[in-house]
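Good morning, and thank you for coming. Please look at the sequence and the structure on the screen while I speak.

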Amino acid sequence: MRLAKTDIDRRDLFLCHAWDDRQGDALEFYNLLTGLDVKVWFSEKDVPLGTPLMRQIDKGLKNSRAGIVLVTPALLRSLNAEGIADRELSVLLSTGRVIPIAHGVTFKDLLDVSPMLASHSGLTTADYPSLEVVATKIADTVLID
């Protein structure tokens, strides 16, 4: 039985993304995944106003079965600047349960910034007709009862 189905704090995925993508690509991807019944931790939806951001992220990481990293040009810049996404990525890499999704970048671009993340099996949105198809592939992977 999926733990995320029986415990409201548990999530199937933690969505790591660049701050600049939170109201664009990351929000679209979150909406697509949740529309497919995937329980996703997403800062825009899961950090209540007035609460410490880093502590909420820590709880989200702890309560998620795996992580998905939406790799965009903005995320690559954030990783180079060692922002919050860099910290999230460090934790996700330590678990070995992380799926990179290259969106608007290539795995070669990712390799130049994070060889460890680029070494994980993932998807490139350029290989699919839409982000919706990618979300469906991810849902099929994580929704195992």
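Let us begin with Arg11, which has a relative accessibility of 14% and therefore counts as buried. Buried means under 20% relative accessible area, exposed means over 50%, and partly exposed lies in between, with a 1.4 Å probe and protein chains only. What we see is a predicted model, in which local features need pLDDT of at least 70 and side-chain atom pairs count only at pLDDT 80 or more, while totals for chains, interfaces and linings use all residues. Residues are numbered from 1 along each chain as its sequence is written, and side-chain values use heavy atoms, with hydrogens and water left out.

With which residue does the side chain of Arg11 form a salt bridge? The partner is Asp46, at 2.9 Å from N to O. A salt bridge here is a side-chain nitrogen of Lys or Arg within 4 Å of a carboxyl oxygen of Asp or Glu. Arg11 belongs to strand S1 (residues 11-16) and Asp46 to helix H3 (residues 43-46), so this pair ties together parts that are 35 residues apart in sequence. Helices (H or I, at least four residues) and strands (E, at least two) are DSSP runs, numbered from the N terminus. Asp46 is buried as well, its relative accessible area being 17%.

In general, side chains of opposite charge can pair when their charged atoms come close. How many salt bridges does the rule give in this model? The count comes to 5. Another of them joins Glu44 to Arg22, with the closest N and O atoms 3.5 Å apart. Glu44 sits in helix H3, and Arg22 in the loop between S1 and helix H2 (25-35), so the two tie together parts that are 22 residues apart in sequence. Glu44 is partly exposed, with a relative accessible area of 32%.

A further salt bridge links Asp58 and Arg55, whose closest N and O atoms are 2.7 Å apart. Because these residues are 3 apart in helix H4, about one helical turn separates Asp58 from Arg55. Asp58 is partly exposed at 42% relative accessible area, and Arg55 is partly exposed at 42% too.

I now turn to helix packing. Two packed helices are described by the angle between their axes and the distance between the axes. The axes of helix H4 (residues 53-62) and helix H6 (residues 84-95) come within 11 Å and cross at roughly 25°. Axes are lines fitted to C-alpha atoms, for helices over the stretch in contact, and angles run from 0 to 180 degrees between N-to-C directions. H4 and H6 are therefore roughly parallel to each other; angles under 35 degrees count as roughly parallel, over 145 as roughly antiparallel, 65 to 115 as roughly perpendicular and the rest as oblique. On the H4 side, the contact (heavy atoms within 4.5 Å) includes Leu53, Met54, Ile57 and Leu61, and on the H6 side Ile84, Arg87, Glu88, Val91 and Leu92.

How is helix H5 (residues 73-80) placed against H6? Their axes lie 7 Å apart, at an angle of about 85°, which means that H5 is roughly perpendicular to H6. Leu75, Ser78 and Leu79 of H5 meet Ala85, Asp86 and Leu89 of H6.

Finally, consider His103, in the loop between strand S4 (98-102) and helix H7 (107-113). His103 counts as buried, at 18% relative accessibility. Not counting residues up to four places away in sequence, His103 touches several residues, including Asp25, Leu70 and Thr125.
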